[in-house]
Structure formats: structure tokens, C-alpha cells
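Colleague: I'd like to learn how to read the features of a model like this. Can you take me through them one at a time?

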Amino acid sequence: MSANSEAIRFAGDVSIDKIEIISSNGFGQQVSNQVVALEIYEDLWSPFISGVLALKDSLDLANVFPFVGEEYVNIKIHTPTFEGKTKVIDDQFYIYKMTNREMAGDRNVIYELHFISREAMVDINKKTSRAHEGKISDIAKMLISDTQAGLESKKNTVIEETPNGVKFIANYWPPVQSLNYTAETSANRDGAANYLFFENRFGLNFVSLDYLYKGDTIQEFVYDNYMRDFTPDGRTYRNIEKEYQRIIEISVPEVYDYMDRIRSGMYANKMTNYDLVTKKYVVKTFDMLDDFKNNAHLNEFAAASKKVIRRFNAMAFTYPKYHANFNNFGDVTNSKTIQKRTSQLQQAEATKISIVVPGRTDYTVGRKVRVKLNKFNPIESGDTEKDITDNMFSGNYIISGINHFIDREKHQCHMELMKDSFIVDLDKGGK
């Protein structure tokens, strides 16, 4: 773990610029030298970044501050040679819990400080009762920054515009609950109904999965036996760029679950939609394969063949509408998008893998990466790269979860990757 050094020594090297604890009265203390380990968690399905800081304390900081649940921690770390706001972890977090305090000798104590984004403290302390009206993306922007009903955040925000509007009453809801509600009712200009609210290195995001799918690929990860490059005279040298592409560990906790996909409505579903005002009902069906080409995807082909057994009645549900529940508004529920949203969110996690790679501070959830894996079978002479490629697990993925693990020696990233589609056409036998 290098400090204040811009010479990168190996893939996974990291520079700790600052880890400073701030007390409620403004007293600050640098604790970089006391750090045993630092973990920072990001999750596409969670609104805020959180983490754990493990300290070996010989200064009795618990009494110096003292620690009472009113402290902040300023963290700034970066991968050497990396610059720019989106490539550096630089933020202030609220320390909300201390755990696992143990004695480690006569004058040392080890404990863990749990921290989370400052906006989480605003969210847990604020519940408002008010009506929200207008274009959904405008409502989301207000809920993030507003000092009365929002998260009071000054962080950068990425908001994908929504053409549709809504009106609803937040009945003593915290801001995140309102943001999640607006995400459920959102659809972009292409009709994609898979909006999420989450935090990553860019700040706070209110975007669709389609928006993420269209992003640039920031890295290719490869699982092979690469060690070092060779010079023409047979000597080896370290290629750090290639080392960053290496997958240290890989696992697939669940390859697929057909029964869960059927029950969740991923393949097909049916909705009986009734209007309590007009006393009318409509039955609508949704088929994933018929809809697949209407929106963006990570890879070219669907995660199911046309032969997959699917019936609309496998997931049949009723859903209410309220025509003219608010003046100058028709139906303000998400009845128009709920079937598609249900399927799209399930498709997003059709394939999930877990990998461990050398850490970099520019890795963050919501970014697109490419994974290249080979088949676990004997290679024959004449086989091309296409012949040995694992078509089921190779392809483009979205980083859906990440744990930046930093100790005294290295920085590793434990990632969960997900993809909604395949690089091969299953209707042609996966070839």
C-alpha cells in the first residue's frame, strides 16, 4: 500500500491520500497509519455507498473524540497514475456504528467503523407528506437536491430524461422511497421501463438499465494462465495493463433457475387491469422474446430460445388503475409499464458471475465490462479462438456489485457482474 507515490508498482497498487476522522466538534485526526483494512461497498440495487474501516488503535481515539455516533470520515484513495474525479474515491461518509472492539496487546485495540454516504443519514431522518407532480425526471432531480423533501445532496447527479409524467402523494415517505416509486413508474423515450436509483463514483444516478447497456466498455477481463510478457531474448517483464485484465478468482453461484424465471414473469406474464373509477378491465399479455428487439441489450441475442416453454398464465396478476384520480391527469399508476419492467429486471440478472480482480479506483457499479472465458475442454490443433470461447459466460456485463478491499499490501475488487443476453443465438444451438 503506497502513500503519496505516483509510480505504480503492480496491478492492485493503491495510494492512500487521506483517511481522516472528524468529530462532532470539528476536531480532525489522520488515521492512515492505523488502518488495517478498508472495504467500500457499491451495489446497483442499493441507493448508497457504504463500507467498513478496520483500525489498530494505540492512541485511544474512542476517548479522544470520543466516538458517540456523530463522526465523519474523509476518505481519499486512488490508483497511482490515475487522476480525475471519476477515477478517485474521494468523499465524506458518516460513521454510524462501531463493532468488534478487541484488545490486541497492552496498548492496542482493534475495532471496525461502519460508514455510509451522508445522504443516507438525511434519508433516515426525513419523512415528508406532500404531493409531487410533473415530469418524472424533474421530480427525481428535486428529490435528490431539495432541502425540504429531498436528500439535500450536492453530489453530481446523472438523470436520464423521462418523457412521461406522474402525480402522487408521498405519505410520510423518506426521499429514497419516493425516488424508488418514481423509478417504478418511469419509462424512457424507447419505452424501457427498467429505471434504478443508485450511487456510484459518478454520484447519484436515476437512469435506466438501457442507459447503462449503451455505455462504453471500460475493461476486458480474461481468465487464463498469463504470468508475464517475454522480450525477444527470453527475459520476462511486467505488463501491468495485462495484469489488470486477469481474473484471480471466478465463480458462478447460480447458472440459471428456469422455475424462478417462470414464476417471476421473465419469459411471459399476464395482467388483468381494472379501473375502479370507470368499472372497466383489460387483460394484457407480455412476451419477452417478442419484445426483445425493442430495447437495448448488452449482447446481441436473448437469454432464451424460441422453444422455451412459457405460458402467460405462469405469472398472472391483477393491477388497479385510477382514472382521473388527480385533476388533469389520467391514470397515474405504472400499469402501462409494470409487465415490461418485471421482465426486464429479471432479464438483467439472467446470468451472474462473481470475480476477484486487481483493484482500481475507477471501477464502479453501472459500468460495462467484457469477460472472455474459454471452454473447459481439450483444445485440438486447428481450433480458432471462436472454437474455444465459452459462449455462455463470455460477453458484455454490467458491474452490479463491487467490494473494494484494501489492506496493507494490495487493493482487490470483488465484483458481481450481470448480463441480460448472450453472444450466441440459442435458436441455432448456441453456435
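Modeller: Let's begin with a salt bridge: R246 pairs with D224, and their closest N and O atoms are 2.9 Å apart. The two sit in distant parts of the chain, 22 residues apart, with R246 in the loop between α6 (240-243) and β16 (249-251) and D224 in the loop between β13 (217-222) and β14 (229-230). The rule for the term is a side-chain nitrogen of Lys or Arg within 4 Å of a carboxyl oxygen of Asp or Glu. Helices and strands are DSSP runs numbered from the N terminus (helices H or I, at least four residues; strands E, at least two). This is a predicted model, with pLDDT of at least 70 needed for local features and 80 or more for side-chain atom pairs, while totals for chains, interfaces and linings use all residues. Residues are numbered from 1 along each chain as its sequence is written, and side-chain values use heavy atoms, without hydrogens or water.

Colleague: Is R246 buried or exposed? And how does D224 count?

Modeller: Buried means under 20% relative accessible area, exposed over 50%, and partly exposed in between (1.4 Å probe, protein chains only). R246 is buried at 12%, while D224 is partly exposed at 36%. There is also a network: D91, E119, K155 and E199 are joined by salt bridges that share partners.

Colleague: Which parts of the chain does the pair of K155 and E199 tie together?

Modeller: The side chains of K155 and E199 meet at 2.5 Å, N to O. K155 lies in the loop between α3 (136-145) and β9, and E199 is in strand β11, so the pair connects parts 44 residues apart in sequence. E199 is buried, with a relative accessible area of 2%.

Colleague: How many salt bridges are there by this rule?

Modeller: The count is 17. Take K135 and E161 as one more case, with closest N and O atoms 2.6 Å apart. K135 belongs to strand β8 (residues 128-135) and E161 to the loop between β9 and β10 (165-173), 26 residues apart. Both are partly exposed: K135 at 28%, E161 at 39%.

Colleague: Now sheets. In what order do the strands of the open sheet with β9 come?

Modeller: The general idea: strands of a sheet pair through backbone hydrogen bonds, either parallel or antiparallel. Here two strands count as paired if DSSP finds at least two bridges between them. The open sheet has three strands in the order β9-β12-β11, with mixed pairing. β9 (157-159) and β11 (195-200) are the edges; each has a single partner strand, so one side of each lacks a neighbour in the sheet. Neighbouring strands are turned by 15 degrees against each other on average, direction ignored. Between β9 and β12 (residues 203-208), three bridges form a parallel pairing, and I159 has F206 as its bridge partner in β12.

Colleague: Which helix lies across β11 and β12?

Modeller: That is α4 (residues 175-184), running at about 135 degrees to β11. Axes are lines fitted to C-alpha atoms, for helices over the stretch in contact (heavy atoms within 4.5 Å), and angles run from 0 to 180 degrees between N-to-C directions.

Colleague: How do I read a hairpin, say β17 and β18? In which sense do they pair?

Modeller: β17 (residues 268-275) and β18 (residues 280-287) pair in the antiparallel sense over eight bridges. Partners to check include D275 with K280 and K270 with T285. Four residues lie between the strands, and K279 has a positive phi near 65 degrees. β17 is also joined to β20, in parallel, by six bridges, with T272 opposite T318.

Colleague: Which residues make the nonpolar surface patch?

Modeller: Y274, L276, V277, Y281, V283 and Y322, giving about 570 Å². Patch members have over 30% relative accessible area and no salt bridge; like charges are joined within 9 Å, nonpolar side chains (Val, Leu, Ile, Met, Phe, Trp, Tyr) within 5 Å. Areas come from the Shrake-Rupley method with a 1.4 Å probe, and for residues only the protein chains shown count as cover. Y322 is in the loop between β20 (316-321) and α9 (338-348) and is partly exposed at 31%.

Colleague: How many residues of α9 are buried?

Modeller: Nine of its 11, so α9 is mostly covered; among them are I338, R341 and L345.
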